[in-house]
Amino acid sequence: MQKRAALPASFTTMFRPEDISAAAVTIVAMVAAFCTVYGISTHYHAGANAGILSAVLVMTQSRRGAAGHDRSLPMELAVFLFVALGAAAVGWLLHHAFVVGAAVFIAVVSLSVWTRRFGEKIRRIGSLLALPLVAVLVVPARSNAPGGVPVDILLVCIAGAAAFGWLFVLTRHAIRIGLPMKARKDAKHPVAEPQRTSQGMPASTRMAIQMVIALTAAFAIGRLGFPQHWSWIVLTVYIVCVGATSRGDVLYKGLLRLGGALGGTITAALVQHLFVPHGTETAILIFAVLFVGICLRNINYAWWAASATLVISLLQATGLRSSSGTLELRLEEILIGAVCAVVTAWFVLPIRTESVVRRRLSDALLAFDELASCPTDTQPDERAHKLRVLEDRMARMAPVAEPVEWHRRLTRATPGDDHPAVWVETLRHCFRHADSVAGRQEELVRAIRISRKTLGQKDASTTAALQRLHRLLATDEKQFADRERSMIEPKSPADAQPE
């Protein structure tokens, strides 16, 4: 019997070894990049901005997987340099011509969202365009070297090169010594995007328009009401909206962002009440908090929001009163940013969460249908490709699973209710039996197609159809295992035929 197909990594809620290894590599690379660039900056009598930018680049780029996995080294270096220079350019605009800088920021982010409709390659280019903007929100890039613009550009390029170099070297060393590292999608086996005909305005266009409105409101409110910390409102809107799939997802992420910031604020107050770290103690505590946050951010974003808030409080810990006031202000601005994002997603060209779940489930069931429809004599490579397609479709359900599961807990829906979270959970159980599908099985194919058909019928029970599909798969796997066991296990003497 073949090895059972594992659930996609995004479905698990446990600590994974690759998360811990990636967090360790990221923290060491951040420290090394900062120290390298800061040491060079001191030679030019510049501040720490370039060093901080280098550390932020390491943190943002480390989420893309093992460095150099699917691109050549020159291309990887070019990506880091592009992000560093882009962050510096947008930061300069926001500092010297705020309206122009805000307009560039909004246009680029909205364009990166709109390009999702054109497939995975264009989607990656759009994400690449948005990366400098993420960096500039975390650490605004301003000219600070006595040598002027040429020295600033040189230091920015050094920041990008140092971030790339340390992350690449440390990641390769971690792989060489056997540490588990998260790899990117295998470029040798690309999985095509599900093809569908769009009725009305595409979802990517709706989300791009929502992004324009939400970011415009965030920049206006931040600039007029909080001129010193406007980036906190904009960053919240960006985080809540950029990866959202529906209005329910936006609400869920907004609550996570707010809850994480609140938890970080309370923790910061407790830490400062017990003791106020200084110097080396502060640095050690900051990187320890970042390590925990990076490990936990794949489990729930609230952990990362709490870690980021605590880190900022440690950086600003000049006294209990001033730091507490800063943290309260940050919490207020995060609330405003979350409200901007949620109101826009809910009332401007809204995308219903249930509709997104139905579409993702339909894509997964179509892939399941193609796998179950394979003839018995199908080549192993072809079957393996169909299984990879199914795994990819299941992974695409992860972003929509969390908000509907949260809604199920609020409404206390039971396993027998026709609730989107029940559909997702049942199909996950079906996926666990995917490896037992061998050869075309008419009854199984019919059950898959009936389940897919119910997704387009409001009065049909999708839960009942999926539960029947799961029972069929579980029965087939048990019979398959029994047949293999009977072929492997020797017969007992009592069952032997007399001579």
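Me: In this predicted model, which residues does alanine 50 touch, not counting residues up to four places away in sequence?
Reply: Alanine 50 is part of helix H2, residues 49–61. Leucine 155 lies 105 residues from alanine 50 along the chain, yet their C-alpha atoms are separated by 6.2 Å. With residues up to four places away in sequence set aside, the residues touched by alanine 50 are Val37, Ser41, Leu155 and Ala159.

Me: Is alanine 50 buried or exposed?
Reply: Buried means under 20% relative accessible area. Alanine 50 has 10% relative accessibility and therefore counts as buried.

Me: How are H13 and H16 oriented to each other?
Reply: The axes of H13 (residues 353–372) and H16 (residues 420–431) come within 10 Å and cross at roughly 20°. Angles under 35 degrees count as roughly parallel. The two helices, H13 and H16, are therefore roughly parallel.

Me: How many residues of the contact of H13 with H16 are charged?
Reply: H13 contributes Glu354, Val357, Arg358, Leu361, Ala364, Leu365 and Phe368, while H16 contributes Pro420, Trp423, Val424, Leu427, Cys430 and Phe431. Of the residues in this contact, 11 are nonpolar and none is polar. The number of charged residues is 2.

Me: Which residues have the most contacts inside the largest nonpolar core?
Reply: The largest nonpolar core has 70 residues. Phenylalanine 219 is in contact with Leu94, Phe98, Ala102, Phe105, Ile106, Trp230 and Val234, leaving aside its neighbours within four places in sequence. The residues with the most contacts inside this core are Phe105, Phe219, Leu390, Leu427 and Leu469.

How values were computed: Residues numbered from 1 in each chain as written. Predicted model: local features only at pLDDT ≥ 70, side-chain atom pairs only at ≥ 80, totals over all residues. Heavy atoms only, no water. Axes fitted to C-alpha atoms, helices over the stretch in contact; angles between N-to-C directions. Helix = DSSP H or I, 4+ residues; strand = E, 2+ residues; numbered from the N terminus. Parallel < 35°, antiparallel > 145°, perpendicular 65-115°, else oblique. Contact = heavy atoms within 4.5 Å. Nonpolar A, V, L, I, M, F, W, Y, C, P; charged D, E, K, R; others polar. Core = buried A, V, L, I, M, F, W, Y, C linked by side-chain atoms within 4.5 Å. Buried < 20%, exposed > 50% of the residue type's maximum accessible area, 1.4 Å probe, protein only.
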